[in-house]
Amino acid sequence: MLRPEQVAAVEQTKKVFNKKDRMLWNAKMRFGKTLTAYQLIKEKKYRCILILTHRPVVSDSWFEDFGKLEMDKAGYMYGSKEKGMTIEKLISRNTNFVYFASMQDLRGSSQVGGKQGQKNELVFSTDWDLIIFDEAHEGTQTELAQNVEKAIKKDNTKILELSGTPFNLLEQYSEDQVFAWDYVMEQEAKLRWATEKPDEQNPYETLPKVNMFTFEMNNKEKYADESRSFNFKEFFRVKDDGKFVHESDVNKFLNEISRPSETNYPYSTEKFRNQLRHSLWLMPGRAEAKALKDLMDKHPIFGTEYTIVNVVDQDDKEITSKDDPDLGRVRTAIGDKPWETKTITLTVRKLTTGVNVKEWTAVMFLNNTTSAMNYLQAAFRAQTPYSNEVQGQKTNAYIFDFAPDRALTVMAESASINSGIGKRNTLEQKQKMAKLLNFLPILGIEGNKMRTFNVDRMLTQLKKVYAEKAVRSGFDDDSLYSDALLTIDPEAAKLFEKLRGIVGKTKATKKSKKVSINEQVLTEEEYEKAQKAKKKKRKERTPEELAALEKERQAKKERKNAISILRGISVRIPLMIFGMEVDIAKDIDIETFVNEVDDVSWEEFMPAGVTKAMFKEQAKYYDPEVFIEAGRIIRSRAKSYDDLTYTERTKQIALLHGTFKNPDKETVLTPWKVVNRQLVSTIGGLSFYNDDFSDTTLEDKTSLHWVEQPDSDDIFKNDGKVLEINSKTGLYPLYVATSFFYKKQMQFIDDNLGKINKHDEERIIQEILRDNVYVIAKTPMAKTITQRTLAGYKNWKTNIIYIKDLIDLLKVDKSLVVDKLKKEFGIMKFDVVVGNPPYQEDNSDSNRDQPLYPHFYDLAEMLSNKYSLISPGRFLFGIGATSPEWNNKMLSDDHIKVIHFEQKSDMIFPNTDIKGGVAILYRDSNRALGPIGTFTISKELNYILNKVEKKGFNPISNIIFGNSSYKLTETVFKDNPEFEKRVSKAERKSLGSNALVKSIILCKILYNVLPVSH
């Protein structure tokens, strides 16, 4: 018998699947996702169902619930590699079946780019009616996982994603495609059932109420990070001997929470300790957990009353079975009489997902996680129903957090509030937040006593939630905008139409839509009327309420359309904020942002035609608080990385850059993975990826490793000099600097008996930035961005030159640029030139953009004997807008080699379409690497071509000519101005386009007559 919300999930999904092929169940733990999904399967009579998850431990519940719901009686069979039948047997029986598989297993298949050989053929070839992704927030958004979905989803396949924390998935779904069931809804149902059906058994009765207590750590200023939050990683930092660096402070903390005080710390009285007999503590890392166990075992309270179980002493891998030995250790320590024992389990991530220890009544956070997804997965471990004959039923569960801001932020995000921005949703926000605080009271210290947090303080925290979302999405998120967009008047509509014409030309990744003029602006009164109407049944709504609902629906549609236009501008902002030379203590609001960007950089980074005045005019549509907070997050995060070792800092800076988006193909930002692929495969150095560049980890360990190429020693020598030819983000010189650093760091350690300190490391990297790494920037902003990427907020000397009018100089005389570099750096020749040059510029006289990258290839050749560059690859086939002379020069050069070619440009640059593909080229004038000659991407074709050419083959290109081999001249149009209207602007000189019109023109030119048929 399904509960009402489970029935509602099935009915909503059936309705959605009539029109769409995807559905998301955003349902908390213990909703009963497996049972409900099986009911959907039975009612829809699906024949072939695949259940896929990144968390194999959930396989037990799918197998058990298959039996509970008597799926076999409904004509279904169950299979997997562990339980039930094999997929071969299921298919051979020609019956309805459910098959369970792990995402890890499918990802390893060579068919989707895995490295475990060809396998799971039947899984990929079966025509699935329904695919269910369980715990869909984990492991489904990676490149390999997306390849898996593409391979298994057929034309008519329906997709159902299940998750209790789908924060990374929600934006992919429209409102009607999401069924939501959260903690507040659950507790409301529990109360409603008790009130409305007091004589019936309450199915929600066993679900405990959750209570959150937040505490400020002592010495907060001493351990605060750049965002002013307490840094648990530093507080629990461990020395090489396995002991805490700040052992005295850690001991004080243990004493503080276990002795009586007015603040009522969780373990401060015997009564509290009896309530908290079994709990889970989350630590920053494995070393910290081990050191804390050692300290707690010696503690007068924890060491005598509690058994401390460290489940990450061997590893922190996710468990794959309910028979896992670490889980067994916890169960053994708790024993058969949990009312007589006390345990504290220390972990990092293990046991925080997929499994339940029902005796746990509390979870305590002593780590730095800011992920709402990870936080809530762990926090609700304590809410698992439990009862025994001695203690009775568990009625309360507890969350203890010693980072109040983090706790409030996560819980605000979990409240499932549709929009935390703008004035118009404030009342709705307050109502939803009030419900959350009613069912999940959050208490914090105020003075020396505990006080309950109120709604207003929680709503303030919401701004941080949405600012964080904006940062994670690279400003490609609705939360960045205010509800002023609900009132698009005629004047505003004209502005948006103008912006749409501009943004549309940038080939933005998402299509912008027209914004209609809303003559009757939605008023505050109408908005409130619409909200009240939503709570009524359809038949009970008045005509005025129906009109208000329709007006709100239209206003929201126009808001969405407006955002589709604004995003083409917004996604360009984070990178510029990152590089701004503004004091870290000063906030960057809209006005500061506009004023700090110079005019040259504005033209480079913003869509052509969007002036500063136009930007200011539409600035009112940004939520000012979210904008400021998002900028604060980006800059404070970047500054916090300055305290890391340079190699670790590089990892974090690269992750931050990963949130910055490619706005269009004229402003291509090279992803960190591509930088690694390009430079690792050409000049070598320190690779941050595994061998196929699919991941930064290998078997749960970092993939960081040195790669040697033939020229590596010559380039990464002590006095090596590397130039990036066109920096936009600074990631190329960052890779180069980190590679130099790694090599010199290793040498220093060898020379000093394995010892190196932070001062030595800083001296080494400063020398590298001063003596080994050089950069050309096309704009002042590109220069400051690169400076920030390389040196953070430290005032270190770097070699970054902004060359004014760089493109114009290259077109006129490249030696002018060479001279400028010599004057600035005192260097004529570099050991290698690397980078990703500008691809093209808009040509106002033609519909065709003019290629720029040939100028940079030629410049690189003048500056060094070696270069590693990435660019459009059309010239490899002798096509495109590059000149035939330049194409021939490149294809016949004995020293150039194509290292990598990718036909689908979006595989290299996400959401970017570059016709003809993308190529990585390496040139070394001291080695014979080529020539490229006739380029093909097929090894078989190359073999055939070489064989044919050896026999004196005369190609057809020597016999016939293409339509661009000969062209008309301007004289034709001067003598015959009427021809201007006969041909398109882009093809006006071509002989091959529009054959009928061209025959008329040729007759007139050659014979001074028009054809008779004319």
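I shall take the sheets, then the helix packing, and finally some local features. Please bear in mind throughout that this is a predicted model.

Let me begin with the sheet that includes β1. This is an open sheet of seven strands, in the order β3-β4-β2-β5-β6-β1-β7, and its pairing is parallel. The edges are β3, residues 76-79, and β7, residues 178-181; each has a single partner strand, so one side of each is left without a neighbour in the sheet. On average, and with direction ignored, neighbouring strands here are turned by 15 degrees against each other.

Strands β1 and β7 run in the parallel sense, and four bridges join them. Within that pair, Ala27 stands opposite Trp181 of β7. Helix α1, residues 4-17, packs on this sheet and touches β1, β5, β6 and β7, and its direction makes about 160 degrees with that of β1.

I turn now to the sheet that includes β22. It is an open sheet of seven strands, ordered β24-β23-β22-β25-β28-β30-β29, and here the pairing is mixed. Its edge strands are β24, residues 799-802, and β29, residues 896-902, each of which pairs on one side only. From one strand to the next, the twist averages 20 degrees.

Which strand does β22 join through three bridges? The partner is β25, residues 832-835, and the two strands run parallel. For Glu724, the bridge partner in β25 is Val834.

Helices also cover this sheet. Helix α32, residues 758-771, packs on the sheet by touching β23 and β24, and its direction makes about 50 degrees with that of β23. Helix α36, residues 853-863, lies across β22, β25, β28 and β30, and runs at about 175 degrees to β28.

Two packed helices are described by the angle between their axes and the distance between the axes.

Helix α29 spans residues 672-680 and helix α31 spans residues 731-751; their axes come within 10 Å and cross at roughly 55 degrees. That angle makes α29 oblique to α31. The crossing is right-handed. On the α29 side, the contact is made by Trp672, Val675, Asn676, Gln678, Leu679 and Val680, which meet Leu731, Tyr732, Leu734, Tyr735 and Val736 of α31. By class, this contact has nine nonpolar residues, two polar ones and no charged ones.

Helix α31 also packs with α33, residues 780-791, at an angle of about 25 degrees and with the axes 9 Å apart. This makes α31 roughly parallel to α33. Here, too, the crossing is right-handed. The residues that meet are Leu731, Pro733, Leu734 and Ala737 from α31, and Thr786, Thr789 and Leu790 from α33. They divide into five nonpolar, two polar and no charged residues. I would point out that Leu731 and Leu734 take part in the contact with α29 and also in the contact with α33.

The remaining pair brings α33 together with α28, residues 646-657. At what angle do these two helices pack? The angle is about 140 degrees, and the axes are 9 Å apart. That makes α28 oblique to α33. Tyr646, Arg649, Ile653 and His657 in α28 meet Arg788, Thr789, Leu790 and Ala791 in α33. The contact comprises four nonpolar, two polar and two charged residues. Thr789 and Leu790 of α33 are therefore placed in this contact with α28 as well as in the contact with α31, where contact means heavy atoms within 4.5 Å.

I close with local features. The model has a count of 50 salt bridges. One of them links Arg553 with Glu550, where the closest N and O atoms are 2.7 Å apart. Why do Arg553 and Glu550 lie about one helical turn apart? The reason is that they are three residues apart in helix α22, which covers residues 543-570.

In the backbone, the peptide bond from Gly930 to Pro931 is cis, with omega near 5 degrees. Pro931 belongs to the loop between β30 and α38. Arg30, although not a glycine, has a positive phi of about 70 degrees. Arg30 is located in the loop between β1 and α2.

Thank you for your attention.

Notes:
Residues are numbered from 1 along each chain as its sequence is written. This is a predicted model: local features need pLDDT of at least 70, side-chain atom pairs count only at pLDDT 80 or more; totals for chains, interfaces and linings use all residues. Side-chain values use heavy atoms; hydrogens and water are left out. Axes are lines fitted to C-alpha atoms, for helices over the stretch in contact, and angles run from 0 to 180 degrees between N-to-C directions. Angles under 35 degrees count as roughly parallel, over 145 as roughly antiparallel, 65 to 115 as roughly perpendicular and the rest as oblique. A crossing is left-handed if the near helix is turned anticlockwise from the far one by less than a right angle, and right-handed if clockwise. Ala, Val, Leu, Ile, Met, Phe, Trp, Tyr, Cys and Pro count as nonpolar, Asp, Glu, Lys and Arg as charged, and the others, Gly among them, as polar. Two strands pair if DSSP finds at least two bridges between them. A salt bridge is a side-chain nitrogen of Lys or Arg within 4 Å of a carboxyl oxygen of Asp or Glu.
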